[in-house]
Amino acid sequence: FLSACGGGGDSTGDTTGDTNASPANTIAPTATLPINTAVYPLTGLPRPEMDIGVLTRPALVAKIDNHPLGRPQTGLNKADIVFEENVEGTTRFAAVFHSQGSDPVGPLRSGRTQDIDILGAYNKPLFVWSGGNGGVTQAINKSDLVNVGYLTSIGQGKYFRDKTYRAPHNLYSRTTDIWKLAPKTAIAPPQQFVYRTPSDATPATSLPAIGVKVKMDGVKVYWQWDPATRTYLRNSENTKRILEKEKDKDATIINATNVVILVVKYLRSKADPRSPEAQTIGTGNVVVLTNGEAIRGTWARSERTRSFVLTDATGAVIKL
C-alpha cells in the first residue's frame, strides 16, 4: 500500500493484463526508467536549478510508528513515497525521503525483514529505525540498506526522545542529521514510476472514484478524493465505525497525490515466525487511485533492485 507518490494489500490475487499490448505502451518488469535531472526522481516534480545537492543525496527511509499511542506522526506528509506494511496486528510506515526532509521525523520503530525487498530499488538507502531482534538486525546488516539506526554506533547522538509521548512511541530523529551520515559513495535513488504530463489523457481503463477503503492487518483506512486540493485525504475507521481524519503533528491532514494498493501474499519471516513478510517480487493485482480516478491492473517486479511496474488491463503503463 503506497502513498504520497503512492502505501500494501493483505491478500493474493490473480494476474491480469494483456500480454499482446503494444510495446510502445509497456515497460518490462526489468526495465530501468530514464534519468531526468530536471525533476525529483521520486515525485516527478520540477527540481529548482539551485537544488544541486539532491542530485547526489541518497534516499532516506524512516520506519514510522502507526500505533494509536504514536499518533499524530511527524514527517509523513513530507516524504516522497510512503509504504504502509502489515506488521503484527497493525501496520507500520516506511517513509522514503529524498526531495525534502523532515526535522523532526517519527516516532521511529523497528524494522522487518520485508523492508529489505520493499526498499531494494532505492540505491542503498539510509535506513532509520529503532532496532530489531537479532535475526532482523543480522538480515539488515547483510543487506544493501545502510544501517544508521538508533542502536548502531554511527547513529548515536542522532536520535532523541519526545517526552510528550510514552516509550516506545517517542523516539525521533532529524533527516538533516541522518543525511550527514551518508557514505561518500552514496547516490540518489532512481525514478520509481512513470509520471503523467499535462498532455496525457485519462486512460480509457480508469473509472471515477471518490475514494477507496483498505482493510489491512488490524487497520481500516479510507482514502478520500478531495477535488479542492486534488489529493487523497487519509481517514481511519475507529471501533465505532466512525471515520476520523488522520493528521500529521503540524495539524495537516495526511494526504497523498496518488494511492497505489498492491495486493501481495504475506508469509512468515524466517527471522521471526510471528512477523508477516510481504512477498513483493513477482506479480499480483493492483488498484491505483490518481486524479480522482481508479485504475485496476497488475504489478510486476522481477527482482528486489527493480521498481514496481504498474500496467492496466490493456497492458499500458499506469502513470502517476
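User: Which residues of strand β20 (residues 309–312) are buried, and on which sides?

Analyst: First, the ground rules. This is a predicted model: local features need pLDDT of at least 70, side-chain atom pairs count only at pLDDT 80 or more, and totals for chains, interfaces and linings use all residues. Residues are numbered from 1 along each chain as its sequence is written, and side-chain values use heavy atoms, with hydrogens and water left out. Buried means under 20% relative accessible area, exposed over 50%, partly exposed in between (1.4 Å probe, protein chains only). Strands are DSSP runs of E, at least two residues; helices are runs of H or I, at least four; both are numbered from the N terminus. In β20, V309 and T311 are buried on one side, L310 and D312 on the other.

User: Which strand pairs with β20, and in what sense?

Analyst: Two strands pair if DSSP finds at least two bridges between them. Strand β19 (residues 293–301) runs antiparallel to β20, joined by four bridges. G297 sits opposite D312.

User: How do the side chains of strand β17 (residues 276–279) point?

Analyst: They alternate. Strand β16 (residues 265–268) pairs with β17, antiparallel, over four bridges. There, L267 stands opposite E277.

User: Why does R47 count as buried?

Analyst: Because its relative accessibility is 15%. R47 lies in the loop between β1 (2–3) and β2 (60–64). Contact means heavy atoms within 4.5 Å. Neighbours within four places in sequence aside, R47 contacts T37, A38, V39, Y40, I52 and L55.
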